[in-house]
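Please read the briefing below alongside the sequence and the three-dimensional view. It begins with the terms and the confidence of the model, and then moves through the structure topic by topic.

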Amino acid sequence: MNIPKNINSFFIVKRFKLKTASLALFLFVIIYCWSSLIDSFRFNPDFFANKTLQFGALLILIFIIQLYEYIRDLRGYKQLHESEQRFSFILDVTKDVLYFLDLPERKYSYASSDIKELTGYSKEELSDIGFTKIMKKVETRDNDNASYSDFPKLLKANASEIFSAEYLIRTKEGSFKWVEDISLMRKDKSGKIIGTVGILRDITERKNYLSLINEERNNIEKYLEIAEVIFLILDSNYTVKLINKKGCRALGYDKSEILGKNWFDNFVPIKNREKRKRRLTDVFSDISPAKEYIENNIVDRFGEEHVIGWRTAIIRDNRNNVEALLSSGTDVTEQKRIEESLVFERHLLQTLMDTIPDFIYFKDTSCKYIRIGKGAHFNGLSDINETVGKTDFDFFQTDFARNSYIEEQEIIKTGVSVINKAVKEVFKDGSYLWVSTTKIPVYDNDGNITGIAGISRDITEIKKVEAALRDNENRWRNLLENSPMGIAIITDMKILYVNNEGIKLLGASSSDPIVYKNVFAFVPRNFRKDFCNLVRALNYESKKLLPHAECKLKKINDEIIEVEGAAIPVNYSGEESVQIVFRNISERKRQEKTQQIINDILQTANSEQNILYLYKFIHKSVGLVMKADNFYIALYDYESQTINFPYYVDKFDEGPRGVRFGNGLTEYVIKSGTSALLDREKLDELIAEGKFNSIGTPSKIWLGVPLKIQDKTIGIICVQDYDNETTYDENEKKILETIAFAVSRAIERKTLEEEREELINQLKESNLSKDRLFSLISHDLRSPFNALLGSSGILLNDYSKMSPAELHRHLTAINQTTGTLYNLVNNLLQFSRFQAGSVKVKPSKINIRELAARNILLLQGNAVKKDISIILNIDSHYAFADEDMINSVVQNLISNAIKFTNPGGEIIVSGKLLQNVDVNMIEISVKDNGVGMNENVIKKLFNPNSIYTSKGTRKESGSGLGLLLTKEFVEKNGGTILIKSDENIGTEFIFTVPGSK
């Protein structure tokens, strides 16, 4: 069978066949012409003259040449045949398929017989259906998933070199195989591709093997990525060649930020680098082996160090040289911390055992002592360590030791603890102690009991006291019955005992309606859960007294009272019980709440809220201490003889507006100047007597209290209930009378503030005359004086009832009001002196820096309250001016800057010497980053005919005189003042004064 290996061998065979045919033809011609040649030689032997001889010699020469080439081709053909036999043997052994494919016709001109075994199709069948029809996937060197339609393009794209590809084919039988194709393009003389010659090889087994290898590699990579262990590979240059996600998380970097970096230069603390480099250099040099386990520190991107426990393996090349280091690490930082903590806790435990007076000990499962505290009460021991390895039989009488052993073995067997058991310990010498002992099982990490832990407390004296108490039980009962505190004993939430005071507090005449009742019958529903938790929190064994607590109780008539008390676990009639000691604090709580309401009302009155807000707040505050669903405030105007109702909330009636002073209930209280608590019966009686007329919907009970200022009734405050005539009593009347005093002061203050605001608005509409100026000032004076009168009045009336915190708050208010009043009077005095022309300038040498520093220190408190920083930036320049006037200027400007600077802002006080002018002047600046001003406001500031005021960032008020005085003082001393300001950016006041000569 002829199997051409390549295109050249194909032509060798063809040429050999042609040579054989031509040689035979020449031999036939020579034989055919031989007789003619002999005859021609015989007649004419002259070779050069005989044409026939010449023709014959030429034939013979050509024959010889052809014979020579034939012999040479015969040798090549023999070699080709031998090569073909070897190639056929290789194809037969490897089962590879040799093929010739003619591209124009897409037909196989040749394919070895194994094509059918490989594909299930013959050469002809494949030529008919096309090889691409059985291809399901194509993988080339540059494309792992090429399209079938791209196959011809792939062939042409690789025309200049050997083409290699792998195909997934479906055989004729329906199975799938992977086939490798290695082929070479065939071209004609013009270079056009006419076909391919190649080999097809079955690589299914190899692909499956590679797939398994890739799968295993992927599994290993996945394991490395999800493993909770750091994996790291370093080469001999300490460069990171591999690191998994756990390592990246530990270092806080992405993998791309770690790979290729020097491990020591980037991820090892500086203090450890050189030592660890030397150790690793010895490992790579094979001087010393790698340690199986080592702990050292790494540093993450945030500079935090972690302790890592490393296990290391050496990677060697084929020459057995150390090529790299593979390490797996676990973060043991927390473990190290825990170990250090355990050492500390072990020391702490021993210190506790040695310090506490109780006897603390540990025993093993054989009931032998293995650890003991210094509180041991064994007799005749010089060293407590002598107890280690011994049992109770070595120290106590046999009966006690035996019972103790049986008890402890039962604990080890069942795991059930013994808690606070009173035991009489009898020593071998006959002496004894009463102890309260607790024994609990000790478990290992697997949950197995490895011994017991115990603590014994000497209660010998307690036992003696208990005996004495039993002897004096009658005396104890007498003390309980006559105690000024209510006392009750509760067992399983039932009241088993209550003393006389407790019966009185619960509103009963005897204990019959109380004892053997569930305690929740006397606890309001909303407080039952808290009361239950309180009782459950008691430790019956320790007999620990709970701290005093406040709660609410319900009397048998359903009245709610507030009580203060404490509880302690007791043993009553052989059962664990709770003894509660309590007293009624309803009146005290009512007074505290009332006082708090008064303080809140006064503080609200001092705030910037309007008067309607104040009325609502008063209503809300009264509702905290009594029912106030129907509530109103009425004010009496003596000049117009009318009653106004600025605040009126009622279930049925709408609030009247202004009414003439008549004969109603409100007028009744105003005329009498005393409070009135009237139920329906009393109301009808007074109406019948003509004391007042019935107006509006009749109520079941009505309570009105006069509002007074300096013994003059200005109105009333009233509550009423249309449904229940018992809603108010003398207690509510007293509370409302107490609140009414603060309400009167608050209403007066707010009324004055509104009057002042109204007057200021009127003054802004026209030029201010001196009379109106002083009218404004009088209001400014009146408001602080009212605040002083209000706060001092409260102090005068309620001084003995106030806490230190309340006293401090009122005194602080008085102090702040006094400071405001002083500044106002001082500015007024200076302004009036200027108007009168009585101010004389007395210049002197002034250190500007020291003057500014004094004023900053003086006003520092105001700045601190608003978290404002004041920066002083003035050298020690000396001015020649009136010190008092310049001091007032600096003080006013800094105070003004604080007023209009937002909390957290900044004020800069600076100064410099102006040397570019003829006169030696000093320029001083006060600059803030506060609210700023527009041009219209700036024009109004220094206008003496129109005093301008505005609120500060915290609603601080002012008279508007400060800046007028500032301008006057600066100009009196030969200086000038100007303003630079931008809204929402800040303001800068700049003024000049003459420098010192």
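A residue is called buried when its relative accessible area is under 20%, exposed when it is over 50%, and partly exposed in between, using a 1.4 Å probe and protein chains only. By that definition C367 is buried, with a relative accessible area of 3%, and C248 counts as buried as well, at 9% relative accessibility. This is a predicted model, in which local features need pLDDT of at least 70 and side-chain atom pairs count only at pLDDT 80 or more, while totals for chains, interfaces and linings use all residues. Residues are numbered from 1 along each chain as its sequence is written, and side-chain values use heavy atoms, with hydrogens and water left out.

**Confidence and overall make-up**

- The mean pLDDT of the protein, where pLDDT is the predictor's confidence in each residue on a scale from 0 to 100, is 78, and 76% of its residues reach 70 or more.
- Over residues 1–11 the pLDDT stays under 50, and for this stretch the model has 15 contacts beyond four places in sequence, a contact meaning heavy atoms within 4.5 Å.
- Where pLDDT is low, the predicted coordinates should not be read in detail.
- Of the 997 residues of the protein, 41% count as buried, and residues 24 or more positions apart account for 54% of the contacts with a separation of 6 or more.
- A search of the whole structure finds zero disulfides, a disulfide being a pair of cysteine sulfur atoms within 2.5 Å.

**Nonpolar cores**

- A nonpolar core is a set of buried Ala, Val, Leu, Ile, Met, Phe, Trp, Tyr and Cys residues joined through side-chain atoms within 4.5 Å.
- The largest such core has 39 residues, of which I894 and F991 touch the most other members, and helix 24 (residues 883–899) gives the most to this core, with eight residues.
- Leaving out residues up to four places away in sequence, F991 touches V889, V890, L893, I922, E923, I924, V970, T976 and I977.
- A second, separate core of 31 residues includes A628, Y647, I735 and I747.

**A pair of packed helices**

- The axes of helix 16 (residues 586–606) and helix 17 (residues 611–622) come within 10 Å and cross at roughly 170°, where axes are lines fitted to C-alpha atoms, for helices over the stretch in contact, and angles run from 0 to 180 degrees between N-to-C directions.
- Helix 16 is therefore roughly antiparallel to helix 17, because angles over 145 degrees count as roughly antiparallel, whereas those under 35 count as roughly parallel, 65 to 115 as roughly perpendicular and the rest as oblique.
- The contact is made by I597, D600, I601, T604 and A605 of helix 16 together with Y613, L614, F617, I618 and S621 of helix 17.

**Positive phi angles**

- Most residues other than glycine have a negative phi.
- M493, although it is not a glycine, has a positive phi of about 65°; M493 lies in the loop between strand 17 (486–491) and strand 18 (494–498) and is buried, with a relative accessible area of 18%.
- D867, also not a glycine, has a positive phi of about 55°; D867 is in the loop between helix 23 (848–865) and strand 29 (869–873) and is exposed, with a relative accessible area of 59%.
- Helix 18 (residues 665–672), whose buried residues are L665, T666, E667, V669 and I670, is followed by G673, which has a positive phi near 70°.

**Individual positions**

- V283, in helix 9 (residues 270–284), is buried with a relative accessible area of 5%, and beyond four places in sequence V283 touches S288, P289, A290, I314, V322 and L325.
- K712 is in strand 27 (residues 712–721) and counts as partly exposed at 43% relative accessibility, while K712 and G673, 39 residues apart in sequence, are 8.3 Å apart in space, C-alpha to C-alpha.
- K261, in the loop between helix 7 (245–251) and helix 8 (263–267), is partly exposed with a relative accessible area of 35%.

Terms used:
Helices (H or I, at least four residues) and strands (E, at least two) are DSSP runs, numbered from the N terminus.
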